[in-house]
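Subject: Structure handover

Hello,

Here is the structure we talked about. Please open it alongside this note; my findings follow below.

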Amino acid sequence: MSTDAPSTDRTGLIVETVTDPALAPQVAEVAAATFPLACPAHSSAEDIAAHIATQLGPDDFAGWITSPGHDVLIARDGDDGPLLGYSLLVYGAPTDAAVAAAIDGDTAGSDTVTEISKMYVLPDHHAAHRDDRPSHRLMEAAIEAARSNGSTMVWLGVNQENLRAQRYYRKMGFSTIGTKTFDMNGTIEHDFVLGRRL
């Protein structure tokens with residue numbers, strides 16, 4: 001999908017679309033470190049580990065990097081610096097009936113919707129620790145990629161107990177439009193569906 005040049009600022013932070021599947025193991029490492037941060041307190045270590053192993057491995061990211069229906073965005077310190085965070089975009093109409101029902105009008109039946117499926121930054125690089133705000137830069141890049149892909153709305157799911165993430169998403173212009181469930185290794189979690197018109 002997007003092959004735009006990396007976005008850089010004076011601090012050296014780079015946000016870019018991954019095109020090389022050889023980077024998949026690095027993105028998967030960040031995913032394994034950050035996914036537990038979004039899980040509700042009652043989540044078991046076994047469910048979290050199983051989800052990471054079966055849904056967030058290097059092969060999963062390699063597939064998304066090479067898929068025309070997805071984009072993997074990363075934030076890193078400099079050209080060869082460590083990865084600080086990532087986002088996964090899924091282009092096209094939602095397949096979840098609850099999400100489709102939450103999205104207004106005929107948008108749910110078209111390809112003009114993008115899911116921001118994942119948006120994670122390592123905890124030492126959250127906005128409280130850095131002036132360049134990697135999470136904000138990632139979100140801005142994700143929204144621009146969705147817009148460039150022809151989307152008129154972006155949406156995401158966030159656990160109903162994850163109040164910190166909800167505050168962040170609302171700060172970034174999202175509002176609650178519905179609810180859905182999330183299956184984590186057989187345990188059903190409950191999410192809010194948040195949307196933002198572009």
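Start with a charged pair. Glutamate 16 and arginine 76 form a salt bridge through their side chains, at 3.8 Å from N to O. This pair links distant parts of the chain: glutamate 16 sits in strand 2 (residues 13-17), arginine 76 in strand 3 (residues 70-77), and 60 residues separate them. Arginine 76 is at 8% relative accessibility, so it counts as buried. Keep in mind that this is a predicted model.

Now the overall layout. The chain has 198 residues, and 48% of them count as buried. Its secondary structure comes to 6 helices and 8 strands. From the N terminus, the order is β-β-α-α-α-β-β-α-β-α-β-α-β-β.

Back to the salt bridges. The whole structure holds 3 of them. One joins the side chains of aspartate 191 and lysine 180, at 3.2 Å from N to O. Aspartate 191 is in strand 8 (residues 187-197) and lysine 180 in strand 7 (residues 175-184), so the bridge ties together parts that lie 11 residues apart in sequence. Aspartate 191 and lysine 180 are both buried.

Another pairs arginine 147 with glutamate 144, with an N to O distance of 3.2 Å. Both residues belong to helix 5, 3 residues apart, or about one turn of the helix. Arginine 147 is partly exposed, at 40% relative accessible area. Glutamate 144 is partly exposed too, at 37%.

Helix 5 itself (residues 134-148) passes a simple length check. It has 15 residues; at 1.5 Å a residue they should span 21 Å, and the end C-alpha atoms are 21 Å apart, which agrees. Several of its residues are buried, including Pro134, Leu138, Met139, Ala142 and Ile143. After the helix comes glycine 150, with a positive phi near 95 degrees.

The C-alpha atoms of isoleucine 116 and valine 154 are separated by 6.7 Å, although the two residues are 38 apart along the chain.

Last, the surface. Where does positive charge gather in a patch? Arg133, Arg164, Arg167 and Lys171 make up such a patch on the surface. Arginine 164 has its place in helix 6 (residues 163-171). At 53% relative accessibility, arginine 164 counts as exposed.

Best wishes

How values were computed
Residues numbered from 1 in each chain as written. Predicted model: local features only at pLDDT ≥ 70, side-chain atom pairs only at ≥ 80, totals over all residues. Heavy atoms only, no water. Patch = residues over 30% accessible without salt bridge, like charges linked within 9 Å, V, L, I, M, F, W, Y side chains within 5 Å. Areas by Shrake-Rupley, 256 points an atom, 1.4 Å probe, with all protein chains shown as cover. Salt bridge = Lys/Arg side-chain N within 4 Å of Asp/Glu carboxyl O. Lys, Arg positive; Asp, Glu negative; His and termini not counted. Charge placed at Lys NZ, Arg CZ, Asp CG, Glu CD. Helix = DSSP H or I, 4+ residues; strand = E, 2+ residues; numbered from the N terminus. Buried < 20%, exposed > 50% of the residue type's maximum accessible area, 1.4 Å probe, protein only. Expected span 1.5 Å × (residues − 1).
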